[in-house]
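Subject: Structure for you to look at

Dear colleague,

Please find the structure below, followed by notes on what was found in it.

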Amino acid sequence: MAGAMRPAVSASDRIAQLNNIDKDVAKLLQYAGTAIKTMTNSPSESGKSQHDQAQSIEQRKSDFSASSSEYFGTLASIDVRLRRHIIALENAGILPSEMSAAELQPTQTDVKSSQLSTASNKTTITNGGLGNLDIGWLNSRNDHAEKTMEAELWGEAQKLVQRTLDNKLRLEDENDATTSDDRAMPAG
């Protein structure tokens, strides 16, 4: 059915879809928070036995894996749906379709000819001859900054997780040392 046409999606449907994406962003933050929370000691665990804590660690691993999976699944879903909206906006002519960087860079000849045409034509040239093209839009088309920032954020997240785990292990070691010291001292 190559000739079958897709039904047109109304503006209200698009807004509803974007609203659902917005709700999923909130879920994304919740999954991230849950994953991080599973790596921290909660105050109620300080009085548990080592057997209970071992089971608790296994439960935490399971909870962390579940939260992480939900996080990445939701992130991928949001990414795909936002890309679909961008494509729809480009197809509708609301956003210009992707152009190569060379097409967007004015040459020296283009600048001189636009200056001449402005002087002789009295037409309004906005944004350096690019019309209503938004510079923010141009910057968003380049994935380099996004990938660099994402790598930095992942690095920071990894450091945070490592610090949290190190602190947890240090506290457990201190608790074990305190517990063994208390047992070694006779009651007096």
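Glu-174 is partly exposed because its relative accessible area is 40%, where partly exposed lies between buried (under 20%) and exposed (over 50%), with a 1.4 Å probe and protein chains only. Glu-174 forms a salt bridge with Arg-170, with 3.1 Å between the closest N and O atoms; a salt bridge here is a side-chain nitrogen of Lys or Arg within 4 Å of a carboxyl oxygen of Asp or Glu. Arg-170 is also partly exposed, at 42% relative accessibility. Both residues lie in helix H6 (residues 143-184), four residues apart, about one turn of the helix. Helices (H or I, at least four residues) and strands (E, at least two) are DSSP runs, numbered from the N terminus.

This is a predicted model, in which local features need pLDDT of at least 70 and side-chain atom pairs count only at pLDDT 80 or more, while totals for chains, interfaces and linings use all residues. Residues are numbered from 1 along each chain as its sequence is written, and side-chain values use heavy atoms, with hydrogens and water left out.

Confidence is given as pLDDT, the predictor's confidence in each residue, from 0 to 100. The protein chain averages 74, and 59% of the residues score at least 70. Helix H1 (residues 11-37) has the highest confidence, at 90, and helix H3 (residues 101-104) the lowest, at a mean of 44.

The protein chain holds six helices and zero strands. Of its 188 residues, 11% are buried. Its accessible surface (Shrake-Rupley method, 1.4 Å probe; for residues, only the protein chains shown count as cover) is about 14,800 Å², with 56% belonging to carbon and sulfur atoms. Among contacts (heavy atoms within 4.5 Å) with a separation of 6 or more, 72% come from residues 24 or more positions apart.

Helix H1 has 27 residues and spans 39 Å from first C-alpha to last, close to the 39 Å expected at 1.5 Å a residue; the expected span is 1.5 Å times one less than the number of residues. Its buried residues are Ile-21, Asp-24, Leu-28 and Ala-35.

The search of the whole structure finds six salt bridges. In one of them, the side chains of Asp-24 and Arg-81 meet at 2.3 Å, N to O. That pair links distant parts of the chain, with Asp-24 in helix H1 and Arg-81 in helix H2, 57 residues apart. Asp-24 counts as buried because its relative accessibility is 15%. Asp-24, Lys-27 and Arg-81 are linked in a network of salt bridges.

Another salt bridge joins Lys-61 and Glu-58, at 3.8 Å, N to O. Both lie in helix H2, three residues apart, about one turn of the helix. Lys-61 is partly exposed, at 49%, and Glu-58 is partly exposed, at 49%.

Ser-67, in helix H2, is buried, with a relative accessible area of 8%. Leaving aside neighbours within four places in sequence, Ser-67 contacts Tyr-31, Thr-34 and Ala-35. Ala-66, also in helix H2, is partly exposed, at 43%. Ala-66 and Tyr-31 are 35 residues apart in sequence and 9.0 Å apart in space, C-alpha to C-alpha.

Finally, Phe-72, Leu-75 and Trp-154 make a nonpolar surface patch of about 280 Å². Patches are made of residues with over 30% relative accessible area and no salt bridge, joining like charges within 9 Å and nonpolar side chains (Val, Leu, Ile, Met, Phe, Trp, Tyr) within 5 Å. Phe-72 is in helix H2 (residues 50-91) and is partly exposed, with a relative accessible area of 40%.

Regards
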